[in-house]
Each structure stands twice: as C-alpha cells, then as structure tokens.
Amino acid sequence: MKTLLLTSAGFESPEVMGCFLQMLGKPAGAARALYIPTAAIDEEAKAMLPKCWDDLMNAGLLPENITLYDLDAPMSPGELSTFDAVYFCGGSTEFLLARVRATGFDKALGQALEKGLVYVGVSAGSVMAAGNLPDNLGYLPHKLSVHCEKGSAPGPLPGGPVSLTNAQAIRITGDEMAIIGDDGVTA
C-alpha cells in the first residue's frame, strides 16, 4: 500500500511530524531512512539541506540509520526495501525527476512503496510526485503548489489543484488522500 507525505517544508508542524511517525509503524530509533538531497543544485536549496537532515533527527531517527543517497548510481528494489522511509529534499523538481528516471530509481521506488516504504517529499520532492510535470511520478493526480501563504483547507483532497503552506502536508495512504496541518488562515 502506498504511503506518502508530501510537504512544502518538511516537518514544520507537530501534526506533520506525528503523521510521519505514525506512517513509519515502528519506533523512530529503529527506522532506517534514505536521505536524497539531489534536487538541491543551487545555493538557496543547498542552504536548506541541514534543516531537512534535522527533520529526520528531530523525529527520532538515529544518524547511523540515515543513508545519504544522491541518485548517483542505480539502486535495486531489494536494496531500497531495506529502508523504512525515503526523504526527498527540495530544490529543482525538473533536475530531481530527471535523475530519478535516468537511474531507474522510479521503478525501484514504485515496488518499495507497494511493500510499505514511506515516501516523504519536501518541496521539489513533493511536486515530482504530483501532476505538475508531464513525466511526473503520478502519485498525486493534481497540480501542487508549495510554500503558499494560504493553503487548501485541511481535510479530504479537493478535486483540483492543491496549495500547501509550509506547515501543511498531503497524507496519502493507499487511495485515501487528505491535507493535514495549518492552512495559514486565521479566523
């Protein structure tokens, strides 16, 4: 069953982090994660990489259980299935998607997701899974806007484009899709 958490800025809210921990289905200290910084090709995105690493550390994952993988070599479905989560950092969506396709990681990823791997996307890592680009991964059938001042309302996914604030995420479990977190609108 596919389990994805698509975010703008990672675990910016306790609700988003709590959702990730629930999706893991095991204590965070026992979980293994694959950390993919490939999208960070400019200085602004590179500056965010420590924050992404800290997301996993603050969630309770142990540094020795986090593997840096820059999509620089193919990875087999068997090797990918040794991880509990894959965490795609932000940056250039087009560059990230091209590397995922060129290395065949998309095929291994699809198989691993069916076996319970948790997919976490941050910014470009989320947009690559959505309907924004022609060759997208196809996990979210709608266009996705990230880093928005006002996000789509929390709850079941609307039928069209989705906007996320930095404190929101889309939770995908099987065929169920919902927006969680703070939409940025104050009453």
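**Contacts along the chain.** I began with how far apart in sequence the touching residues sit. Among the contacts in the chain with a separation of 6 or more, 67% join residues 24 or more positions apart. I am reading a predicted model here, so I keep in mind that every value is computed from it.

**Overall build.** Next I looked up the secondary structure, and I noted six helices and ten strands in the chain. The C-alpha trace spans about 45 × 35 × 35 Å along its principal axes. Of the 187 residues, 53% are buried.

**The largest nonpolar core.** Which residues have the most contacts inside the largest nonpolar core? I found Leu80, Phe88, Phe105, Leu109, Tyr119 and Ile170, in a core of 39 residues. The elements giving two or more residues to this core include the strands β1 (3–7), β2 (33–36), β4 (85–88) and β9 (168–173), along with the helices α4 (93–102), α5 (105–114) and α6 (124–127). Helix α5 gives the largest share, five residues.

Leaving aside its neighbours within four places in sequence, Leu109 is in contact with Leu80, Val86, Phe88, Leu117, Tyr119, Leu137 and Tyr139. I also wrote down a second, separate core of 28 residues, with Leu49, Cys52, Ala85 and Cys89 among them.

**The largest pocket.** I put the volume of the largest pocket at about 230 Å³. Its lining has 16 residues, and Met48, Gly90, Val122, Ser123 and His147 lie nearest the centre. Which helix gives the most to this lining? My note says α2 (residues 43–58), with five residues. By type, I sorted the lining into eight nonpolar, six polar and two charged residues.

**Two positive phi values.** Last, I went through the backbone angles. Most residues other than glycine have a negative phi, so I marked the exceptions below.

- Leu71 has a positive phi, near 55 degrees, and sits in the loop between β3 (66–68) and α3 (77–80).
- His147 has a positive phi too, near 60 degrees, and I found this residue in the loop between β6 (144–145) and β7 (155–156).

Are these two buried or partly exposed? Leu71 has a relative accessible area of 0%, so I list Leu71 as buried. His147 has 43%, which means that I list His147 as partly exposed. I had already met His147 among the residues nearest the centre of the largest pocket.

Definitions and conventions. Residues are numbered from 1 along each chain as its sequence is written. This is a predicted model: local features need pLDDT of at least 70, side-chain atom pairs count only at pLDDT 80 or more; totals for chains, interfaces and linings use all residues. Side-chain values use heavy atoms; hydrogens and water are left out. A nonpolar core is a set of buried Ala, Val, Leu, Ile, Met, Phe, Trp, Tyr and Cys residues joined through side-chain atoms within 4.5 Å. Buried means under 20% relative accessible area, exposed over 50%, partly exposed in between (1.4 Å probe, protein chains only). Helices (H or I, at least four residues) and strands (E, at least two) are DSSP runs, numbered from the N terminus. Contact means heavy atoms within 4.5 Å. On a 1 Å grid over the protein atoms alone, a cavity is a set of points where a 1.4 Å probe fits but cannot get out, and a pocket is an open set with protein on both sides within 12 Å along at least five of seven lines; lining residues have an atom within 4 Å of a point. Grid points are joined across faces, edges and corners, and a volume is the space filled by probe spheres set on the points. Ala, Val, Leu, Ile, Met, Phe, Trp, Tyr, Cys and Pro count as nonpolar, Asp, Glu, Lys and Arg as charged, and the others, Gly among them, as polar.
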